[in-house]
Amino acid sequence: NLSYSCGGSLVSSTVVITAAHCVTKAPRDRPVDADILVVQLGKYHLYQFSDDSVQNKQVRDVHVHPRYNSTNYLDDLAVLVLSSPAEFTKFVRPVCLWPKNNFNLPSIDNMEGTVVGWGYDENNQVTEELKMARMPVVSYVTCLKSYPQFFSQFTSENKTFCAGFRQGTSVCNGDSGGGMVFQQNNVWYLRGLVSITVAKQGLRVCDTNHYVVFTDVANYINWISQYLS
C-alpha cells in the first residue's frame, strides 16, 4: 500500500539524501517514523512493481537537519539510513559528494546540471517513466531580482542556489528531494536537492516560468559525513 512521495540520492551503500520537507510532519517539523518509509533504488517505471532491477529498502533512521525550518525551507536536507546495504549494480550506483576543495557557489554559475524525477508533467500529472532535464544554474542576484517577494524569503546566498530556464523546462511537484548532479572528468557529483518552486497563482502547482530553489548539498558535507559508514 505504497504511495510515491519524493526523490532522493544514494551516496553510499546505506545512506540516501533527500529534502527535509519530504520526511517531516507538523508540529515542529518532526521526522516521520522510519518504519513508514520504503526506498526504491534503481526504479524507472513508477507504477511497475515487478522489476528485477529495483531494490526495496526499509529505512532504519531519519535524520533531519537540525536547523530545517518549514516556514522558509532553509536547511531543507535529510539523511535516510537504510536498514540493509544496497547492492551496487548497473541500475543502482551511488553518486559522489561534491569535492571538499571547491564549495564556492559562484563556481557553478551558468553550468548546466541534470535532474531526474517523476514530477508533474505539462498536464499536472505525476509521470510513469522517469524524466530528465538539464537546467542552468543562475547567480543569487539574478534569482533574487527575478521575483524578490518570493526569493528573498526562500533563498540564502550560502545555503541555496537557483536554476532553470523560466520557459517550461523545469522540475515540479513530485520532484522534491531529487538531486541536481554535474559530470566532471567522467564522475557524477551531487550538488543540489530540489527544494521549492514558485506556485501558480491560486494553485498548488509549480510555475515553470520561474527559477527553482535547490538546497546546496556541498554546504552540508560535514553534517552528512557523520552518517556515512
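The model described here is a predicted one.

- The space in the second largest pocket amounts to about 510 Å³.
- Its lining consists of 11 nonpolar residues, seven polar residues and one charged residue.

**The largest pocket**

- Seen by class, the lining of the largest pocket holds 29 nonpolar, 13 polar and five charged residues.
- At least two lining residues come from each of strand 1, strand 2, strand 5, strand 9 (112–117), strand 10 (131–138), strand 12 and strand 13.
- Strand 5 supplies the largest share of this lining, with four residues.

**The disulfide of Cys-6 and Cys-22**

- Cys-6 is joined to Cys-22 by a disulfide with an S to S distance of 2.1 Å.
- Cys-6 lies in the segment before strand 1 (9–10), while Cys-22 lies in the loop between strand 2 (15–18) and strand 3 (24–25), so the bond ties together parts that are 16 residues apart in sequence.
- The disulfide of Cys-6 and Cys-22 is left-handed because the torsion about its S-S bond is about -90°.
- Cys-6 has a relative accessible area of 22% and is therefore partly exposed, whereas Cys-22, at 13% relative accessibility, counts as buried; the cut-off for buried is under 20%.

**The disulfide of Cys-143 and Cys-162**

- The sulfur atoms of Cys-143 and Cys-162 are 2.0 Å apart and form a disulfide.
- This pair links distant parts of the chain, with Cys-143 in helix 1 (residues 140–146) and Cys-162 in strand 11 (residues 160–163), 19 residues apart.
- A torsion of about -60° about the S-S bond of Cys-143 and Cys-162 is the reason why this disulfide is left-handed.
- Both Cys-143 and Cys-162 are buried.

**The disulfide of Cys-172 and Cys-206**

- A disulfide also connects Cys-172 with Cys-206, at an S to S distance of 1.9 Å.
- Cys-172 is found in the loop between strand 11 and strand 12 (179–184) and Cys-206 in the loop between strand 13 (187–197) and strand 14 (212–216), so this bond ties together parts that are 34 residues apart in sequence.
- The link of Cys-172 and Cys-206 is left-handed, with -105° about the S-S bond.
- Both Cys-172 and Cys-206 are buried.

- With bonded cysteines counted along the chain, the disulfides follow the pattern 1-2, 3-4, 5-6.
- Cys-96 has a relative accessible area of 33% and is therefore partly exposed.

- Strand 2 pairs with strand 7 in the antiparallel sense over four bridges, and Ile-17 has Val-79 in strand 7 as its bridge partner.
- Strand 6 and strand 7 (residues 78–82) are antiparallel partners over five bridges; here Val-62 has Leu-80 in strand 7 as its bridge partner.
- Strand 5 (residues 38–41) pairs with strand 6 (residues 55–64) in the antiparallel sense over four bridges, and Val-38 stands opposite Gln-58 in strand 6.
- In a regular strand, side chains alternate between the two faces of the sheet.

Notes
Residues numbered from 1 in each chain as written. Predicted model: local features only at pLDDT ≥ 70, side-chain atom pairs only at ≥ 80, totals over all residues. Heavy atoms only, no water. Disulfide = S-S within 2.5 Å. Buried < 20%, exposed > 50% of the residue type's maximum accessible area, 1.4 Å probe, protein only. Pairing = 2+ DSSP bridges. Nonpolar A, V, L, I, M, F, W, Y, C, P; charged D, E, K, R; others polar. 1 Å grid on protein atoms, 1.4 Å probe; cavity = no way out; pocket = protein on both sides within 12 Å on 5 of 7 lines; lining within 4 Å. Points joined across faces, edges and corners; volume = space filled by probe spheres on them.
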